[in-house]
Amino acid sequence: MHSSDPNFPYRRIIDDLRSAILTGELAAGERLSSEWKLAEAYQASRTTVRRAIAVLRAEGLVVTKQGQGAFVRPVPVVRLRLTGANYRRHRRERLPGFNAQVIEQGQRPEQRLLAVESIGAPAEVADRLEVEHGAPVVVRRRLFLVNDQPVAQCDSYYPRSIAEGTPIAENGRIRGGVLSFIEDPSGPIHRVAGRSVDDLTSRMPTPSEAEELQLTTGIPVVRILRTIYDVDDMPLEVQESIAAADRHEFRYEVDMR
């Protein structure tokens, strides 16, 4: 019997445990049955059980602890809900949307500002900001964390016409986030965000992304390219986020009225 046969113990162990983890039957942090119990249940050798668990570890579903066994990997999941009501409430609270939603879920958010640079606009960014390819833009590079674990990289690009001479172009935090500053009626920009458009793709991470997000082998990322427009439909910002796929849930609500 070949190992790809679904009746082969090795394959059944992998499929059954994976299903139990993904459906929540085995909860985050829960210990898997011991090697000898799994071997007995599946009429397999402990070597076969170890090989099966190694596959689940490579998929990022379990972690092993010396002398203790294998456990369902505890992963902080960020549930990001994109609605106009959420956006307006967070603006009133002067909290960035990511921080506000993580706090609402009882977790601890952090945004690390890695760099603020003036660069030539990459083609995708230039097209969305409606500037020439290579035109000067300001990019603010950040790392998002939940409970001290990195969950996403985010590079936010702004046209020089908006950012130049403002705190957006400076290497420092902005209370409430950049959009709060842009919308401040007493500030130098005072433009109002009207809508956003998100383009999502999934892929495997680059080596540097896997290192920075602390991804185990086999975990993909979701790339979100978000363009934010003002009420006159002029682009304000392009965000390129690389999010760990196993640490996010996305929900979009669209008012069709």
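I started with helix α4 (residues 84-92) and helix α5 (residues 97-104), whose axes lie 10 Å apart and pack at an angle of about 95°. I'm keeping in mind that this is a predicted model. Angles from 65 to 115 degrees count as roughly perpendicular, so that is the label I wrote down for α4 and α5. Next I listed who touches whom: Asn86, Arg89 and His90 on the α4 side meet Gly97, Ala100, Gln101 and Glu104 on the α5 side. Sorted by class, I get four polar, two charged and one nonpolar residue in that contact.

Then I went to helix α1 (residues 9-22) and helix α3 (residues 46-58). Their axes come within 9 Å and cross at roughly 40°, which makes α1 oblique to α3. I noted the crossing as right-handed. From α1, I have Tyr10, Ile13, Ile14, Leu17 and Arg18, and these meet Thr48, Val49, Arg51, Ala52, Val55 and Leu56 from α3. The class tally for α1 with α3 is eight nonpolar, two charged and one polar residue.

Last entry: Glu240. Where does Glu240 sit? I found Glu240 in strand β9, which covers residues 235-244. The side chain of Glu240 makes a polar contact of 2.8 Å with the side chain of Arg223. Skipping neighbours within four places in sequence, I also looked up the contacts of Glu240, which include Ile224 and Leu225 as well as Gln153, Cys154, Asp155 and Tyr157. Arg223 is on that contact list too.

Key: Residues are numbered from 1 along each chain as its sequence is written. This is a predicted model: local features need pLDDT of at least 70, side-chain atom pairs count only at pLDDT 80 or more; totals for chains, interfaces and linings use all residues. Side-chain values use heavy atoms; hydrogens and water are left out. Helices (H or I, at least four residues) and strands (E, at least two) are DSSP runs, numbered from the N terminus. A polar contact is a pair of N or O atoms within 3.5 Å; within protein, one must be able to donate a hydrogen and the other to accept it, and residues adjacent in sequence count only if both atoms are side-chain atoms. Contact means heavy atoms within 4.5 Å. Axes are lines fitted to C-alpha atoms, for helices over the stretch in contact, and angles run from 0 to 180 degrees between N-to-C directions. Angles under 35 degrees count as roughly parallel, over 145 as roughly antiparallel, 65 to 115 as roughly perpendicular and the rest as oblique. A crossing is left-handed if the near helix is turned anticlockwise from the far one by less than a right angle, and right-handed if clockwise. Ala, Val, Leu, Ile, Met, Phe, Trp, Tyr, Cys and Pro count as nonpolar, Asp, Glu, Lys and Arg as charged, and the others, Gly among them, as polar.
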